[in-house]
Amino acid sequence: MNNVSCVLFHSRQDIIVSNSEDKSIRVWDATKRTGLQTFRREHDRFWILSAHPEMNLLAAGHDSGMIVFKLERERPAFSVSGESLFYVKDRFLRTFEYSTQKDTQLIPIRRPGSNTLNQGPRTLSYSPTESALLVCSDVDGGSYELYIIPKDSYGRGDTVQDAKRGVGGSAVFVARNRFAVLEKSTNQVLVKNLKNEIVKKSVLPIPTDAIFYAGTGNLLCRSEDRVSIFDLQQRIVLGELQTSFVRYVVWSPDMESVALLSKHSIVIADKKLAHRCTLHETIRVKSGAWDDNGVFIYTTLTHIKYCLPNGDSGIIKTLDVPVYITKIYGSTIFCLERDGKNRPIIIDSTEYVFKLCLLRKRYDQVMSMIKNSELCGQAMIAYLQQKGFPQVALYFVKDERTRFNLALESGNIEKALESAKKIDEKDHWYRLGVEALRQGNAGIVEYAYQKTKNFERLSFHYLITGNLDKLSKMMKIAEVKNDVMGQFHDALYLGDVRERVKILENVGHLPLAYITASVHGLHDVTERLAGELGENIPSLPKGGKKASLLIPPNPVLRAGDWPLLMVSKGIFEGGLDDAGRGGGAAEEDYDEVADADWGEGLDIGDVDSLPNGDIRTVLDGEEDGAHEENDEEGGWDLEDLELPPDSETPKTANSNARSSVFVAPTPGMPVSQIWVQRSSLAAEHAAAGNFDTAMRLLSRQLGIKNFTPLKSQFTDLHMGSQTYLRAFTSAPVLSIAVERGWSEQASPNVRGPPALVFDFSHLDEKLKAGYKATTSGKFSEALRHFSTILHTIPLIVVETRREVDEVKELILVAKEYVLGLQIELKRRELKDNPIRQQELAAYFTHCNLQLPHTRLALLNAMTVCYKAQNLSTAANFARRLLETNPSNESQSKTARQVLQAAEKNMKDATQLNYDFRNPFVVCGATYVPIYRGQKDVICPYCSTHFVPAQQGQICTVCDLSVVGSDASGLLCSPSQVR
């Protein structure tokens, strides 16, 4: 030590902390006067120390700043077993009963023998059947102590016993009387009994620095960047997950889910370590536990939070001091504080239970909570809107503008109308009209256009709904407003030619008025206008094609609201109206719209008597309240029908019908999507038009990378699985899926697999054509046939296992012919290289061909070698040819003559790269022999052999797969995946 600058006594322990100019902070035992621990910095001298008055924190100032630290970890070691909590406090093992909240001291725990800090217990593991407890600490670099708790110790806590000890990085119980100890030096786990005797050793699959319990006989092994579950009995890995450094592991009560707690993140996974969600925190995660609903509740330094199974999270409560959750019962969280005190905390679980019910689609509980709970706030509204429940958020909102937006988003036109009336702004009426038009609610569309005084849209609305009476009145209103273009448009919509002529005449366009009247046959008007025009009468073209007049067709019917499907009412529709504001208001508004008698709407009634330009009476009518009860032009001019008495319908029938028709049906799934979801066959994915997944399947199953040869097959499959029907001229063409094996007895709700244009029988025809071309010596044509077979087989589907074997056999046949024909065509190109010609002719004879073609190949090779004076090799081919017993006598005769000539001089004039005594296969790219025992690589699809230098190249035989790639194998039948 050098120049001690500050010394202080620790507020909670018998230690002294000092710092000095030797760049160190030292901790001293005040009773023994010995040093316990030393902290150093490389370049800074410490000058001052200070202790926090309440928390276990120290601060030290140095040359370049300050640090805040604590001397020991403050997390108590604990273990939960059923209804009991076991934990260590003040060198005693204690138990806490959750049901009675009784705290009992059990046995004393040995004080660590070394004079250093951070040597207290870190973890506990308890076996309830044997009342055995493992206490792990960092003493001696990692050690454990095994205690057997006597039954008479409960309530006394003064029984001192000698624990069984051992060295190990971690120790946990894996069965009732077996525990596992991690031996880091050898990366293996030792399974011991309660006598601390080793009964089994297992090497761990990953470099492990800690082990955790993962169910009976299983361990969760932790390394720096991953965790894995290891089965001690079978010695296999059950699951693995890559994650940041895990500090704590918390299993759900049913052992189906696990939470992996890191310093600033939480990973939720299932029992096989399949990832579900990851949650990131900005401050440290301290502890966590699972509640009865499957929600993970965890604590940070300052909050209690929740995490739903889908990864949604939120704050439950703010904490004054950090706590460590041990157990959750309903709305009560039991925690351990840093000083070892048990503390129950009551929480409000309404928010996360509500979100969980939404997630699990328990809408009856959601409705009950909305009615009975005080759930509100912008955060909840935003959450519901984000998760696709604007109809639920609607019942939390008081602000009319927000209610209007949510109602439009959820398609609730009645609620939107209610809010629009209260807001009464032009923009909101316009948006309401757009949404009502989308839903086909003609009454609300008309009302919204009237409120915004949008006469142009209103006229067009009357045109498309066939309401010619209202359209006529709109033309009168346009005349009153002096809106010439609007009046002319309305006249066009109505097909009123006289009105159009009148408008043109009034604005001074006499030539246009004359032409219009003349074309439409209004002779009286034509004569009158001709007199006014005098010599300026416009000339009309004569002859030519027969013209047709632009007269709009008469409406067949006057359309109202679009028809709605009769579907059941949604859980949130109507049932929540009582919980919302003014449950009956929306229904009244909707009835008002249905009756289509807008009391405060735009009155387009008696406009004939108004002078031009005096539109104020029309536009301001709603403000003046000028609606007389006996006004024959008011409302819609609906007349009463004189119906017989027996046709009367109860009033409630209409309201009941309305209440059950405004929930949109769930859209169905496209047939192509059903095909993709149900099948693992590439051909059916291609038929569905999902080429991307089809190519991924072929790449995984057969190692195919070059899809250019398959382009036409993909297109044919997709086009062949669809048929197309013409509808109306203005309607799009209807696409109908063609299913394989369809019959009239099949259920309409069950979709069969797609029909495929490629059939196994077609390949048989291709095979025969290839054989015929080979026999005729048309090698290019034969090569094309066999290559087509190889390119079609990946997209073939067969039904039985026997057919699968036949397909695989056909691949080998086609491969042999493609390879042999390529060799022969290559030989014919090499006219200036007789040695290479002989070698290729010899290799051709080793392709597995049909017997007649093998005889032709042998005859060809024998002839080539005999002409080159390689008599020994020619004799070999002659013997092989005679062994096949050729039916053609000329072949036998030629072979015997060559053999007889060769016996006189059994020598080869040139050395060939060919040894018929040593079995070999031919490389599909270089056409050289690969003898038995030499290394080679294989095409995963056609099984052609290649020299190792061709690794990673496209196979030259099938022209599809990557040589040497990993593949699972051909999948061409549903029977292979059942």
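Me: Starting with V519: what's its relative accessibility, and how does it count?
Reply: V519 sits at 45% relative accessibility, so it counts as partly exposed. The cut-offs: buried is under 20% relative accessible area, exposed is over 50%, and partly exposed is in between (1.4 Å probe, protein chains only).

Me: What kind of model is it, and how are residues numbered?
Reply: It's a predicted model, where local features need pLDDT of at least 70 and side-chain atom pairs count only at pLDDT 80 or more, while totals for chains, interfaces and linings use all residues. Residues are numbered from 1 along each chain as its sequence is written, and side-chain values use heavy atoms, with hydrogens and water left out.

Me: Back to V519. Where is its place?
Reply: In helix 13, residues 510-519. Helices (H or I, at least four residues) and strands (E, at least two) are DSSP runs, numbered from the N terminus.

Me: How many salt bridges does the structure hold?
Reply: 32. A salt bridge here is a side-chain nitrogen of Lys or Arg within 4 Å of a carboxyl oxygen of Asp or Glu.

Me: Which residue does E21 pair with?
Reply: E21 forms a salt bridge with R45, with the closest N and O atoms 3.9 Å apart. E21 is in the loop between strand 2 (15-20) and strand 3 (24-29), and R45 in the loop between strand 4 (34-40) and strand 5 (46-51), so the pair ties together parts 24 residues apart in sequence. E21 is partly exposed at 24%, and R45 is partly exposed at 32%.

Me: And E684, what's its partner?
Reply: R740, with 2.9 Å between the closest N and O atoms. Since E684 lies in helix 20 (residues 682-687) and R740 in the loop between strand 36 (734-737) and helix 23 (760-775), this pair ties together parts that are 56 residues apart in sequence. E684 is buried at 6%, and R740 is partly exposed at 24%. As for networks, salt bridges with shared partners join E21, R45 and D63 into one.

Me: What about E400 and K422, how do their side chains meet?
Reply: In a salt bridge, 3.8 Å from N to O. E400 is in helix 5 (residues 400-410) and K422 in helix 6 (residues 413-423), so parts 22 residues apart in sequence are tied together. E400 is buried at 15%, while K422 is exposed at 52%.

Me: S419 then. Buried or exposed?
Reply: S419 is buried, at 0% relative accessibility. It lies in helix 6. Leaving aside neighbours within four places in sequence, S419 is in contact (heavy atoms within 4.5 Å) with E400, R403 and F404.

Me: Switching to cores. Which residues of the largest nonpolar core touch the most other members?
Reply: L698, F786, I793, I823 and Y941, out of 86 residues. Helix 25 (residues 801-829) gives this core its largest share, 10 residues. A second, separate core of 28 residues includes Y306, C335, L358 and I370. By core I mean a set of buried Ala, Val, Leu, Ile, Met, Phe, Trp, Tyr and Cys residues joined through side-chain atoms within 4.5 Å.

Me: How many residues of helix 8 are buried?
Reply: 11 of the 11 (residues 442-452), so helix 8 is largely enclosed by the rest of the structure. Just after helix 8, K453 takes a positive phi of about 55°.

Me: Last one: where does pLDDT stay under 50?
Reply: Over residues 578-639, with 99 contacts beyond four places in sequence in the model, and over residues 646-661, with 10 such contacts. The protein chain averages a pLDDT of 81, and 83% of the residues score at least 70; pLDDT is the predictor's confidence in each residue, from 0 to 100.
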